[in-house]
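This report walks through one structure. It covers charged pairs, sulfur pairs and pockets, in that order.

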Amino acid sequence: MECPSIIVEELAAGYGKRLVVKGVDFRVERGEVLAVIGPNGSGKTTLLRVLAGIIPIVEGRVCICGKSYKAGSLVRAHSLVSYAPATPIGDPWARVRDMLLAARYGVSRSLFMERDEDKCAIEEAARMLGIEELLDRFFGELSSGEKKLVLIASAIARKTPVVLLDEPMAFLDLANQSKVLKVIRNLASKGYIVVLATHELHLVPHYADKVLLISRGVQVGYGPLDKVLDRRLLEHVYGTRLVEFTREDGQRLFVPE
């Protein structure tokens with residue numbers, strides 16, 4: 001199924017009576033990648049959990065692939081959205097192949113049957129992330145980086161039009177970071193919508209079309225990279241001095257001073 005957009009309007013969400021994000025507005029079109037950035041505890045993960053249907057909308061509206069969800073409801077779009085959490089946890093005695101198969105449940109497969117399309121989706125996702133040799137190993141045997149790749153592959157194996165990735169570069173070495181960057185851009189080129197939360201500001205220009213900057217749950221910047229990735233704005237939000245570099249292709253990179 002093609003998905004024209006994700007639209008978020010005046011979103012507020014949190015846990016119990018504590019609001020973690022409030023007044024967030026953005027729109028992501030088909031084939032775009034949105035990078036959500038901000039300090040620790042700013043609400044990035046909470047935002048992804050709302051889109052994934054894990055926690056409810058407190059205020060505002062979320063529209064995913066033409067389906068609208070309002071305050072007081074969960075985003076019930078499990079057949080449209082995949083989510084890979086930041087922390088690579090899972091059943092240590094589950095085989096990787098079974099974890100990817102389990103991710104297909106609710107999208108195409110029945111509870112007890114593996115179809116040819118499930119097998120193809122699993123093998124394709126494993127090939128994209130370069131984890132084919134891990135498919136028959138137990139999840140508990142893997143390194144943290146390998147586990148992270150398995151979670152990302154599980155999200156991709158669902159083949160939903162929207163892919164949510166929380167800290168996809170965490171735990172990964174340089175080679176695997178490069179691999180995941182290419183996978184993200186490849187998904188976008190095929191018309192997927194990708195929304196990810198990240199702390200790796202230096203990598204954002206390599207894959208993102210838009211950036212959403214959040215500070216203490218409040219949106220302080222949204223739009224194209226050249227609008228949001230401003231050194232003074234980032235220094236104010238992160239509370240630290242940054243060094244700015246400009247590459248030959250004009251991309252600006254930021255690292256701590």
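## Charged pairs

Glu9 counts as partly exposed, at 33% relative accessibility. (Buried means under 20% relative accessible area, exposed over 50%, and partly exposed in between, with a 1.4 Å probe and protein chains only.) The model is a predicted one: local features need pLDDT of at least 70, side-chain atom pairs count only at pLDDT 80 or more, and totals for chains, interfaces and linings use all residues. Residues are numbered from 1 along each chain as its sequence is written, and side-chain values use heavy atoms, with hydrogens and water left out.

Side chains of opposite charge can pair when their charged atoms come close. The whole structure holds 14 salt bridges. A salt bridge here is a side-chain nitrogen of Lys or Arg within 4 Å of a carboxyl oxygen of Asp or Glu. The table gives three of them.

| Pair | Closest N to O |
|---|---|
| Glu117 and Arg104 | 3.7 Å |

Helices (H or I, at least four residues) and strands (E, at least two) are DSSP runs, numbered from the N terminus. Arg61 is partly exposed, with a relative accessible area of 24%.

Is Arg104 buried or exposed? Arg104 is buried, because its relative accessible area is 3%. Arg104 sits in the loop between helix 2 and helix 3 (116–129). Its salt-bridge partner Glu117 is partly exposed, at 44%. Arg104 also has a polar contact of 2.9 Å with the side chain of Asp118. (A polar contact is a pair of N or O atoms within 3.5 Å; within protein, one must be able to donate a hydrogen and the other to accept it, and residues adjacent in sequence count only if both atoms are side-chain atoms.)

Elsewhere, salt bridges that share partners join Arg231, Glu235, Glu244 and Arg252 into one network.

## Sulfur pairs

There is one disulfide, meaning a pair of cysteine sulfur atoms within 2.5 Å. Cys3 and Cys65 form it, with their sulfur atoms 2.0 Å apart. The S-S torsion is about -105°, so the disulfide is left-handed. Cys3 lies before strand 1 (5–15) and Cys65 in the loop between strand 4 (59–64) and strand 5 (67–70), 62 residues apart. Cys3 is buried at 1%, and Cys65 is buried at 8%. Cys63 is in no disulfide; the nearest cysteine sulfur, that of Cys3, is 8.2 Å away.

## Pockets

The largest pocket holds about 260 Å³ of space. Its lining has 15 residues, and Ser82, Tyr83, Ala84, Pro85 and Arg158 lie nearest its centre. (On a 1 Å grid over the protein atoms alone, a pocket is an open set of points where a 1.4 Å probe fits, with protein on both sides within 12 Å along at least five of seven lines; lining residues have an atom within 4 Å of a point.) Strand 6 supplies the largest share of this lining, four residues.

The second largest pocket holds about 170 Å³. Its lining residues include His199, Glu200 and Phe254.

Key
Grid points are joined across faces, edges and corners, and a volume is the space filled by probe spheres set on the points.
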